[in-house]
Amino acid sequence: LCFAGAVAMQILARRGIHIGAHIASIGPIADSRFDPVNLHPAALLAPGKRPISTIDAAAAEAMAMEIEAARRVGDSVGGTVECGILGLPVGLGAPIFDGLENRLAAAVFAIPAVKGIEFGAGFAAASMRGSENNDAYYYEEDRVKTRTNRHGGILGGLSSGMPLLFRAAFKPTPSIAQTQDSVRLSQKESAALQLQGRHDPCVVLRAVPCVEAAAAVVILDAMLSEGRL
């Protein structure tokens, strides 16, 4: 996936479409979010150049401490990755089953440990009223834009021209060093499970390029299938 995504990202970048991601959270530690309205390529791609892909350096340090604390007690920790896509043409995608959200979700869920995905305001929209969640439209020269971006760049399965933003949730690594209750199928009995060997206390650090790659493959496929390249 990452090899295919790397090729797709280069092809898309030559067409002015840029994809970047950062660690939005690890455990209770949260990073800053991408600007949902005025996001520029330099800010989008900057986290990927850092050892721990965050916007805020202080958040990266706190995340490293959180992961180490879990490792020391033989445990693990999960987190979220936020991905942004800039430069998409308006109207990319399709309604119902072939919407951009559908296709991106299918690809992202192919990444091991992903347990959830949300676009724009995501689950927070469930606690809003329509007047709060709706984005106000306006003209900027000859382009239609929105003053906010709670829709996350996709409406009705189609790209709106605003930054496309989504977040993927990753579960804690299940293979931890602590003894866990399990079963022995051959004997049909309960048993204690004690795993040996090296197991990462957090997969989120390595998930960032995977999320970028999944997004790139989907966007390139959509562009090709609609004859936009």
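## A first stop: two loops

E141 is found in the loop that links strand 5 (137-140) to strand 6 (143-146). With a relative accessible area of 78%, E141 is exposed. This is a predicted model, and in it E141 has a positive phi of about 60° although it is not a glycine. For background, most residues other than glycine have a negative phi.

The relative accessibility of A113 is 22%, so A113 counts as partly exposed.

## The chain as a whole

Stepping back, you can find 6 helices and 11 strands in the chain. The C-alpha atoms fill a box of roughly 65 × 40 × 40 Å along the principal axes. Of the 229 residues in the chain, 41% are buried. Among contacts with a separation of 6 or more, 72% are between residues 24 or more positions apart.

## Helix 6 and its partners

Two packed helices are described by the angle between their axes and the distance between the axes. Helix 1 packs against helix 6 at an angle of about 55°, and their axes are 8 Å apart. The crossing of helix 1 over helix 6 is left-handed. On the helix 1 side, the meeting residues are C2, A4, G5, A8, M9, I11 and L12; on the helix 6 side they are P209, C210, E212, A213, A216, V217, I219, L220 and M223. By class, this contact has 14 nonpolar, 1 polar and 1 charged residues.

Helix 4 (residues 100-108) also meets helix 6 (residues 204-225): their axes come within 9 Å and cross at roughly 140°. That angle makes helix 4 oblique to helix 6. Here the crossing is right-handed. From helix 4, the residues L100, R103, L104, A107 and V108 meet A214, A215, V218, I219, D221, A222 and S225 of helix 6. The residues of this contact divide into 9 nonpolar, 1 polar and 2 charged.

## The nonpolar cores

In soluble globular proteins, nonpolar side chains tend to be buried together. Which residues have the most contacts inside the largest nonpolar core? They are F166, F170 and I219, in a core of 46 residues. Several elements each supply at least two residues of this core, among them helix 1 (2-13), strand 1 (18-26), helix 3 (57-72), strand 3 (79-86) and strand 9 (164-170). The largest share, 13 residues, comes from helix 6.

Leaving out residues up to four places away in sequence, F166 touches V81, E82, C83, L104, V108, I117, E118, F119, V211 and A215. Another core, of 5 residues, lies apart from the largest one and includes L39, L44, L86 and L165.

## A buried glycine

Our last stop is G78, in the loop between helix 3 and strand 3. Is G78 buried or exposed? It counts as buried because its relative accessibility is 11%, and buried means under 20%.

Beyond its neighbours within four places in sequence, G78 is in contact with I26, G27, F170, K171, P172 and V204. M9, by contrast, is 69 residues from G78 along the chain, and the C-alpha atoms of M9 and G78 are separated by 27 Å.

Terms used:
Residues numbered from 1 in each chain as written. Predicted model: local features only at pLDDT ≥ 70, side-chain atom pairs only at ≥ 80, totals over all residues. Heavy atoms only, no water. Axes fitted to C-alpha atoms, helices over the stretch in contact; angles between N-to-C directions. Helix = DSSP H or I, 4+ residues; strand = E, 2+ residues; numbered from the N terminus. Parallel < 35°, antiparallel > 145°, perpendicular 65-115°, else oblique. Left-handed = near helix turned anticlockwise from the far one by under 90°. Contact = heavy atoms within 4.5 Å. Nonpolar A, V, L, I, M, F, W, Y, C, P; charged D, E, K, R; others polar. Core = buried A, V, L, I, M, F, W, Y, C linked by side-chain atoms within 4.5 Å. Buried < 20%, exposed > 50% of the residue type's maximum accessible area, 1.4 Å probe, protein only.
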